[in-house]
Amino acid sequence: MPKISIIVPVYNAEKYLDRCIKSLQNQTFGDIEIILVDDSSKDSSPEICEKAKTEDSRIKVIHKVNEGAGKARNAALSIAEGEYIGFLDSDDYVEKEMFETLYKKAEEYKSDLVMSGVLFVDGNMFSEEGRCIKKSYFECDTHFETKEELKKLKMGIVGATPDDEDDSKYGMSIWKNLFRLDVIRENNITFESEREMLSEDALFMIDYISCIKKATGINEAFYNYIRNEDSISKSYKKDRFEKSLVFVSEVEKRFGKDIPKEEYKIYTDRFWQAMCRVLCSQEIMYAKDNSIKYKALKERLKALCTHELTVSTLKSYPIGKLPLKQRVFAYGMKYRWYLFLKLLVGLRSR
C-alpha cells in the first residue's frame with residue numbers, strides 16, 4: 001500500500017497534463033500512487049493518461065462520464081489505497097519536495113491535516129504575466145488541536161477578520177494540503193458538485209476539519225497555481241452569483257451546528273463582500289472584452305450590489321478596517337458608484 005494517494009481530475013488538459021504528471025513522478029517521496037480521473041475529455045488527455053500509466057506502475061487511470069471535478073475526486077477516493085490523500089489540478093504542478101515535506105510533518109506531529117502555501121504563477125487576478133507571488137499562510141509550524149482552535153480554523157478557511165490582509169485567512173483550496181484517508185472514509189466525507197455551488201473545496205475542508213483532532217500549518221509553499229491564458233473574462237459564468245448564494249447557505253448550515261452566528265458572521269461577511277468584488281470585476285472585464293454597452297453592464301452590477309445579502313453585509317461590515325484597496329472597492333459597491341468600480345477594474349487590469 002502506498003503512503004500517499006494523489007488525485008488529479010482531468011478534463012481537456014492536454015496542454016498542461018504532461019507537466020502536471022511529471023511533477024508528481026519526480027517527487028522526492030516515491031511511495032505514492034497517482035490517480036488520474038479522465039472526466040470524458042474531448043482532447044488527447046485520455047491518451048496522455050493511458051500512456052503515463054503504461055510507463056509508471058504507480059499511476060492508475062479512471063475514465064468516467066463528465067460530472068465535474070468534485071465527482072471526479074469522489075471516484076478516485078473510492079479506489080485510493082494511500083494512508084494519506086493529496087490533490088492536484090491538471091493544469092497546475094508541484095515542487096518536487098512537496099509530498100515528502102507534508103508527509104514528514106504529518107508523521108512528526110501526528111496531524112490529521114497538514115496545510116501549506118501556494119505559488120501564484122503569473123500572479124493573481126489582475127497582475128501581469130510572468131510574475132510569481134508566494135503566499136504562506138503560517139509564519140511557523142502552527143497547530144490547531146483544541147475545539148476552539150479547530151473552530152477558528154474552519155471559519156478562517158471561508159473568510160477572515162476585517163484587518164486580515166487576505167479574504168481567506170488560511171486559504172480555501174484543498175490542493176495545498178495533505179489529508180488522512182481513514183478520516184475521509186470513516187466519516188463519509190465527499191465533494192459536492194461545483195456545478196451546483198461555488199467552492200466544493202471549502203465545503204470539503206469544513207466537513208473534514210469537523211472530524212479531526214489535530215491540524216498543522218507550515219511556512220512552506222510548493223503548489224504552483226497557474227493563471228493560464230484563459231482570462232478572467234473568458235472564465236466568466238453568468239450563474240456564478242447564484243452559485244455563490246448557495247455556497248453561503250451551505251457554509252452557514254455547517255457552521256450553525258457548533259458555532260454561534262455572532263462568531264462566524266464576521267468571517268462569512270468578509271467572504272461575501274470579497275465575492276461581490278470578484279463578481280463585479282468579472283462583469284466589468286467581460287463587458288469590456290465583449291463590447292457590452294455600459295447600460296447593460298450597469299444592470300448586472302446593480303443586481304449584485306442591491307441584492308439583500310450584499311446590502312445587509314455592507315451595511316453592517318466594518319469596511320474602514322479593510323486593507324486599502326479592498327476598502328475602496330467595498331465603498332464603491334456600498335454606495336453603488338458603478339462608473340467608479342469600472343474605472344478601478346480598468347486601472348488594476350492594465
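Predicted model: local features only at pLDDT ≥ 70, side-chain atom pairs only at ≥ 80, totals over all residues.
Residues are numbered from 1 along each chain as its sequence is written, and side-chain values use heavy atoms, with hydrogens and water left out.

Me: What makes a space in this protein a cavity, and how many reach 30 Å³ or more?
Reply: On a 1 Å grid over the protein atoms alone, a cavity is a set of points where a 1.4 Å probe fits but cannot get out. One cavity of 30 Å³ or more is counted. The largest cavity has a volume of about 40 Å³, where volume is the space filled by probe spheres set on the points.

Me: How do you know which residues line the largest cavity?
Reply: Lining residues have an atom within 4 Å of a point. For the largest cavity they are Y236, K237, K238, R240, F241, L279, Q282, E283, R300 and L304. By type, four are nonpolar, one is polar and five are charged.

Me: Which helix gives the most to that lining?
Reply: Helix α9 does, with three residues. At least two residues each come from α8 (240-255), α9 (261-289) and α10 (294-305). Helices here are DSSP runs (H or I, at least four residues), numbered from the N terminus.

Me: Why are C276 and C280 called buried?
Reply: Buried means under 20% relative accessible area (1.4 Å probe, protein chains only). C276 has 1% relative accessibility and so counts as buried; C280, at 0%, also counts as buried.

Me: What makes helix α7 mostly covered?
Reply: Helix α7 spans residues 200-209, and nine of its 10 residues are buried. Among them are L203, F204 and Y208.

Me: Why is D39 called buried, and what does its side chain reach?
Reply: D39 has a relative accessible area of 4%, and therefore it is buried. D39 is in the loop between β2 (32-38) and α2 (45-55). Its side chain reaches the backbone nitrogen of G68 at 2.8 Å, which is inside the limit for a polar contact (a pair of N or O atoms within 3.5 Å, one able to donate a hydrogen and the other to accept it).

Note on methods
1 Å grid on protein atoms, 1.4 Å probe; cavity = no way out; pocket = protein on both sides within 12 Å on 5 of 7 lines; lining within 4 Å. Nonpolar A, V, L, I, M, F, W, Y, C, P; charged D, E, K, R; others polar. Buried < 20%, exposed > 50% of the residue type's maximum accessible area, 1.4 Å probe, protein only.
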